[in-house]
Amino acid sequence: MLASAAIAGHLRALAGTVRLIVFLVPRLLAALLTMLGVSLLVFVSLRLIPGGYAEVLLGPFATAEARALIGAKYGLDQPIAFQFLKWLAALLHGDFGLSMVTGKPVIAELWRRAPVTAELATLTLFLALALGVPLGVWSGVAESGGTGRSGWGRLVGALGASVPEFVVGSALIFVFSHWSLGLKVGGFVPLAENPWANLKTVVLPVVALAIFAIALILRTSRDAVLRILTEGHILAAVGRGETPAAIVRHHILRNAAIPVVTVTATYFGYLLGGAVIAEVLFSVPGVGYYIFSSLEGRDYAVVQAGVLLAALVFVALNMMADVVYALIDPRIGANRGGR
């Protein structure tokens, strides 16, 4: 009996491992193909932009000989296919290249700026989830109950999703440059240097980023709640006499979490890749600001590495979201793993 139970346990563990492998392998292959496609697209697109590094460095009146010397120094005179394969081979060895402007390792420069972008992304996502999820659930329940209080949810979601970040950011800069109210426009202070001063410098860019995120999560939560409230198990819970709070807590939140996880992972990946508009508007020295300034200077190595790492973060977060799906609802993992 004990031996049979042990064998059954081992078989269950083996089956679980096989399911995990079947679940992960296709996603890993898709991630590798995505990264290869992104690297090729970014590499070629940068070299199709009018005005190369030599033109930006030397100016419009430089001689052809001077431009040729710059091209030869950085290998820009070689065929694009050869440049790409050379760069790809270096990537496989962990070499992201040197900045053409500063001569410093690109990965070190990106790593130095990553905590700033990570702080903005984390605070933005925290604010968006703290406001978007409860407002979305409340709006969905109110609309389903026909209380007449649901219109605000659609209005807030539509306004927040339709106003671009640069408009929100510009409005905040205009207002708080006239009336600071204790907050700073620009002049970023690192968290490790002075936490309170850091908070005063990141509030405005976080708010500028969070407006869209709140609207996105609110609308996603609301739509999920409206869909779930029409399902049979909700009607059965109402028939059993469960209170509205218990129905929301036990039946709605868990099921509504899946689409919220999807949009959260997607938007968090975008933020970690560098919230370019907010970082440039508020002069926040994060990854997005670094990539933007490097693009202006045609610093190919920085832009290529920055975009590639942003894509890697984005793909990794979406893979993590898939795993979270399976934990929230094991049926999803079983269905997807069986395809």
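## Close-up views of a predicted model

**View 1. Arg 298 lies in the loop between H12 and helix H13 (300-328).** Welcome to the first stop in this predicted model. The phi angle of Arg 298 is near 55 degrees, a positive value in a residue that is not glycine. For context, most residues other than glycine have a negative phi. Is Arg 298 buried or exposed? Arg 298 counts as buried because its relative accessibility is 16%, and the cut-off for buried is under 20%.

**View 2. Ser 283 sits in the loop between helix H11 (276-281) and helix H12 (287-296).** With a relative accessibility of 40%, Ser 283 counts as partly exposed.

**View 3. Arg 112 and Arg 113 each form a salt bridge with Glu 109.** As a general point, side chains of opposite charge can pair when their charged atoms come close. Between Arg 112 and Glu 109, the closest N and O atoms are 3.2 Å apart. Between Arg 113 and Glu 109, the closest N and O atoms are 2.9 Å apart. Where do these residues lie? Arg 112 and Glu 109 are both in helix H5 (residues 106-145), three residues apart, about one turn of the helix. Arg 113 and Glu 109 are also both in H5, four residues apart, again about one turn of the helix. Glu 109 is buried, with a relative accessible area of 9%. Arg 113 is buried as well, whereas Arg 112 counts as exposed at 52% relative accessibility.

**View 4. Arg 222 forms a salt bridge with Asp 223.** The closest N and O atoms of this pair are 2.9 Å apart. Arg 222 counts as buried at 10% relative accessibility, while Asp 223 is partly exposed, with a relative accessible area of 44%. Looking back to the previous view, salt bridges that share partners join Glu 109, Arg 112 and Arg 113 into one network. How many salt bridges does the structure hold? The structure holds three.

**View 5. The largest nonpolar core has 27 residues.** In soluble globular proteins, nonpolar side chains tend to be buried together. Which members touch the most other members of this core? They are Trp 87, Val 106 and Leu 110. At least two core residues come from each of helix H1 (2-48), helix H2 (53-58), helix H4 (80-92), H5, H12 and H13. H13 supplies the largest share, nine residues. Zooming in on Leu 110 and setting aside its neighbours within four places in sequence, Leu 110 is in contact with Val 287, Tyr 290, Ala 305, Gly 306 and Leu 309. Another core, of 16 residues, lies apart from the largest one. Among the residues of this other core are Ala 213, Ile 214, Ile 217 and Ala 278.

**View 6. Leu 120 is a buried residue of helix H5.** The relative accessible area of Leu 120 is 2%, so Leu 120 falls under the 20% cut-off for buried. Which residues does Leu 120 contact, leaving aside its neighbours within four places in sequence? They are Val 202, Pro 205, Val 206, Glu 279 and Val 284. One more distance is worth a look: Leu 120 and Ala 275 are 155 residues apart along the chain, and their C-alpha atoms are separated by 8.4 Å.

Key. Residues numbered from 1 in each chain as written. Predicted model: local features only at pLDDT ≥ 70, side-chain atom pairs only at ≥ 80, totals over all residues. Heavy atoms only, no water. Buried < 20%, exposed > 50% of the residue type's maximum accessible area, 1.4 Å probe, protein only. Salt bridge = Lys/Arg side-chain N within 4 Å of Asp/Glu carboxyl O. Core = buried A, V, L, I, M, F, W, Y, C linked by side-chain atoms within 4.5 Å. Contact = heavy atoms within 4.5 Å.
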